Amino acid sequence: MVKILPTLITVSLSLSVVFAHGLQDLKKRAGLVCPTAYAPLAPGAYPALDCTPFVQDPQVQAWLKLVDFTKTPVYPPSVKGECPTDVASIPKDRCWWTCQKCEAPDDVTFCPKAGTWGLTYDGTSYPETLKRAYNEGHQIAVHTWSHGSMTSLSNEQIVAELMWTQKAIFDIIGVNPIYWRPPYGDVDARVRNIATQLGFKTSIWTQDFDTNDWNIPATATPATVVATFKSWLVKIPTMKTGFIVLEHDLLPAEVNVSLTGILPIAYATKGLTMEPIAQCLNDAKPYKEGAGTFKLLPGSGGGVNGTTGTNGTTGPTVVNGNGKNSTSAAGSAFATTTSSVLMAGVGLAITALISVC
Ligand SMILES: [Zn+2]
């Protein structure tokens, strides 16, 4: 049986771009030209790829009725998510992750149980890949339509970004994700409020747990990405909680460093448990319709004492896509075998994401 490592896969349906987390300028794919004037969409059509959707669209107008904007905090849209020179001037209540490193109480930023890695990848844009990932039990989440800085958008554009992505996902897999991840982690109280009113939970990576894989080959190399991950392995045993990592599977370099660098080390690390976000939060219903293909396993995340992974004598617990727990490795030799089987599954899954780019 081929085992697949389930992950949280964020979806930006239009995303087929080279982009940079942590940078404010989104590097769109070459030659991208977004329409400058609204034109009605053909029946069943979607907005232009990689472009912020027009809010005049009747579909968007219908979605706007789902949000009571009188309850939405009023803050001026940012300029491409960039922070003002005087960061101290930002009202505390704005809780702007990018500039204030502020996390709201309901932001998902870590896994409760120590030693647990909430595994996430960003992201896929291809219907068949999405369908396969969902069918194999991966948790699917929303990323946004055009991968811009959400704080830079109007209230109405925020609705359009989230809901078009949700609709496209629903049209492909038949469920609406609850979780979403703001590109660049760029979220503030205004964006959160709108997302929450639309039924979403905001998920960001744990502060400083950015692999920097998105920066290959600019300021990062596969070696530095792996070195970063290794540095966390020293830190993780001292942490009272688990963590969520920013990783990508958009470009071959990102996939390669994960498959050949990070994951082999993770599999060989005793006491490290890898789970989708919903699993680590003990959330059986990551979709608005319920569980979908996601199978919550007992005894792992959500602060519940797991069966493995914390006593230092077993290998990492990995959950397969069929909702069955793979056996934890009882020793290093078995761990290696388990890893190779699992790696094959991951390789298939992730290569599929890339081969169609
Ligand atoms: Zn992203």
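**Entry 1: the sheet**

I looked up the open sheet of 3 strands and found the order S7-S2-S8, with parallel pairing. The model I am reading is a predicted one. I noted the edge strands as S7 (243-244) and S8 (273-275), each of which pairs on one side only.

I then checked how S2 is joined to S7. Strand S2 covers residues 116-118, runs parallel to S7 and is joined to S7 by 2 bridges. Which residue of S7 stands opposite Gly 118? I found Ile 244 there.

**Entry 2: helices H6 and H7**

I turned to helix H6, residues 222-235, and helix H7, residues 252-268. Their axes come within 10 Å and cross at roughly 25 degrees. Angles under 35 degrees count as roughly parallel, so I wrote down H6 as roughly parallel to H7. I also looked up the hand of the crossing, and the crossing of H6 and H7 is right-handed.

Next I listed the residues that make the contact. From H6 I have Pro 222, Val 225, Val 226, Phe 229 and Lys 230. From H7 I have Asn 256, Val 257, Gly 261, Ile 262 and Ile 265. I sorted the residues of this contact into 7 nonpolar, 2 polar and 1 charged.

**Entry 3: the chain**

Last, I looked up totals. The chain has 9 helices and 8 strands. What share of its 357 residues counts as buried? I noted 48%. For contacts in the chain with a separation of 6 or more, I found that 74% are between residues 24 or more positions apart.

Definitions and conventions. Residues are numbered from 1 along each chain as its sequence is written. This is a predicted model: local features need pLDDT of at least 70, side-chain atom pairs count only at pLDDT 80 or more; totals for chains, interfaces and linings use all residues. Axes are lines fitted to C-alpha atoms, for helices over the stretch in contact, and angles run from 0 to 180 degrees between N-to-C directions. Helices (H or I, at least four residues) and strands (E, at least two) are DSSP runs, numbered from the N terminus. Angles under 35 degrees count as roughly parallel, over 145 as roughly antiparallel, 65 to 115 as roughly perpendicular and the rest as oblique. A crossing is left-handed if the near helix is turned anticlockwise from the far one by less than a right angle, and right-handed if clockwise. Two residues are in contact if their C-beta atoms, placed from the backbone, lie within 7 Å. Ala, Val, Leu, Ile, Met, Phe, Trp, Tyr, Cys and Pro count as nonpolar, Asp, Glu, Lys and Arg as charged, and the others, Gly among them, as polar. Two strands pair if DSSP finds at least two bridges between them. A residue is buried if 20 or more other C-beta atoms lie within 10 Å of its own, exposed if 12 or fewer, and partly exposed in between; C-beta atoms are placed from the backbone.
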